[in-house]
Amino acid sequence: MTSLPLRQRAAWLALASHHAQIADLHLRDLFAADPERGARLRAEAVGLYLDYSKNRVTDETMRLLVALAQESDLAERRDAMFRGDHVNVSEDRAVLHVALRMARDATLIVDGVDVVRQVHSVLERMEQFANQVRSGAWKGHTGKPIKNIVNIGIGGSDLGPVMAYEALRHFSRRDLTFRFVSNVDATDFVEAVRDIAADETLFIISSKTFTTLETLTNARSAREWLVASLGDESAVAKHFVAVSTNDAKVGAFGIDPANMFEFWDWVGGRYSMASAIGLSTMLAIGPKHFREMLEGFHAMDEHFRTAPLAQNLPVLMGMIAVWNANFLGYPSVGVMPYDQYLKRLPAYLQQLTMESNGKHVTLDGDRVDYATGAVHWGEPGTNGQHSFYQLIHQGTTVVPLDLIGFAESLNPLGEHHDVLSSNVFAQAQALAFGKTETEVRAAGTPERQVAHRVMEGNRPSNVLLAKVLSPRLLGSLVALYEHSVFTQGTIWGIDSFDQWGVELGKALANEILPELDSHAELTHDSSTNALIAHYRTLKGNEDARGDD
């Protein structure tokens, strides 16, 4: 990594000066001055077409952003990640989600071990198990085949599987029911199993350490529910499998360690959907389609690894995100997929982006003096257009958007898909160019409404287009965002692969938990003490205030 702090780098200083020169330019002006802009500011790779022309950038902006990437040693840090160097510095770990997608004949030696061989060994076991379940050969305790699969996890052990299942539901087995339980709120579990039979249900418990509080609480309730329904503790072995690394705790739970599918400490939870965490995905769509998804991931990995920075999709998206956050001052990003199957993609990307880059110190532990980690959010189109797009078009907060569209629908029906797709292009156009006061008046608008109907425009967007949503395309799309996040984190000089901010609240919850149903004295701050005391009262423990 370059030794210069970010805001002292030559390219950063040049970008700051450049921003001052073009800050008042409107997208209307940029397009008027350059008739070929829309055809030029674009890039395409592995089935994804990116139009970034409606961002508030010029050719010089993009040249300087690429220069900043070069000055920040992006290529060197990228190569270090692919090599298996310990780029997760705070945990002293390699970061090798890219190894999960490498071809069977590839080799990658990390800390003396060929990790690709490990990956494919687990994939083969997953395929054998998936084929058994899907064919009906795997029988439950009473001899019935499995009809219901319930994935129990949280964070990356839930968001990836849920998103992938919903995204690829078109390719899934419709005679199998899939449910996903993550929230420790009992309602999540109770509603998931309310209408399914225990003797036809398989639970996948996904927890790397097999100690995650929320996951293990739900897993124990699942175990109790199953045993109560089937009346035999030994039934657990035929109705539970684990995705974990802790065979001792898995065995103690009653799961045969032979039915534990492992992954490794170089796979971060939010980067794990292509690992054994994707077991529910493979059960839903089958090994063949799962392999196609991995191929899509790998295709984008190779594009990111080899393409010149100026034509590199993840680099372009990542550097534009840096421009929007650090020079234009936009603190939020909206991701709007115009495909109902991608309805959970924004939630998945929230963890990927905000857990990765929501950091306030550099790799060296120094406090940053610039923005990192924009807030990501979104909903599928066209639903969002009838709720929050009003703010996006006319509000005082500018929100750059990623609009994701497809040329073909997996469910063609009349003119539905053209109606949907027309909105992708219309929204990007309206955001960029808006509607001037002159144009509003020319449309015959009553004077009292003119000010209310003006759209300022100049609101940035990326448009991502692909032919059709498929397992391969989904892999490439997710990898695109993974590497865009990596690009941003590299520029900001932060560790995109730890998540210490998740730990404090969990530790405090473990301290508070036994106090909620006891007479223990409360020694927290006055607000927390008062809240716990009132909770005890509401529970009916009026005499268990502890701090009186």
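Mentor: In this predicted model, strand β5 (residues 148-152) is paired with strand β7 (residues 201-206) in the parallel sense, over 5 bridges. At the level of residues, N151 stands opposite I204 in β7.

Trainee: What is the strand order of the open sheet of 5 strands, and which pairing does it have?

Mentor: A sheet is read by listing its strands from one side to the other. Here the order is β6-β5-β7-β8-β9, with parallel pairing. The strands β6 (177-181) and β9 (260-261) stand at the edges; each has a single partner strand, so one side of each is left without a neighbour in the sheet.

Trainee: Which strands does helix α9 lie across?

Mentor: A helix on a sheet is described by the strands it lies across and by an angle. Helix α9 (residues 213-230) lies across β5, β6, β7 and β8 (240-243), and runs at about 160° to β7.

Trainee: At what angle do the axes of α14 and α19 cross?

Mentor: A helix pair is described by axis distance, angle and handedness. The axes of α14 (residues 345-357) and α19 (residues 471-492) come within 10 Å and cross at roughly 25°. Angles under 35 degrees count as roughly parallel, and that makes α14 roughly parallel to α19. Their crossing is right-handed. Residues of α14 that meet α19 include L345, Y348, L349 and L352; among their counterparts in α19 are L477, Y481, V485 and W492.

Trainee: Is R9 buried or exposed?

Mentor: Burial is judged from relative accessibility, and under 20% counts as buried. R9, found in the segment before α1 (10-22), has 4% relative accessibility and therefore counts as buried. The side chain of R9 is joined to that of S72 by a polar contact of 2.7 Å.

Trainee: How many residues apart along the chain are R9 and G140, and what separates their C-alpha atoms?

Mentor: R9 and G140 are 131 residues apart along the chain, and their C-alpha atoms are separated by 62 Å.

Note on methods: Residues are numbered from 1 along each chain as its sequence is written. This is a predicted model: local features need pLDDT of at least 70, side-chain atom pairs count only at pLDDT 80 or more; totals for chains, interfaces and linings use all residues. Side-chain values use heavy atoms; hydrogens and water are left out. Two strands pair if DSSP finds at least two bridges between them. Helices (H or I, at least four residues) and strands (E, at least two) are DSSP runs, numbered from the N terminus. Contact means heavy atoms within 4.5 Å. Axes are lines fitted to C-alpha atoms, for helices over the stretch in contact, and angles run from 0 to 180 degrees between N-to-C directions. Buried means under 20% relative accessible area, exposed over 50%, partly exposed in between (1.4 Å probe, protein chains only). A polar contact is a pair of N or O atoms within 3.5 Å; within protein, one must be able to donate a hydrogen and the other to accept it, and residues adjacent in sequence count only if both atoms are side-chain atoms. Angles under 35 degrees count as roughly parallel, over 145 as roughly antiparallel, 65 to 115 as roughly perpendicular and the rest as oblique. A crossing is left-handed if the near helix is turned anticlockwise from the far one by less than a right angle, and right-handed if clockwise.
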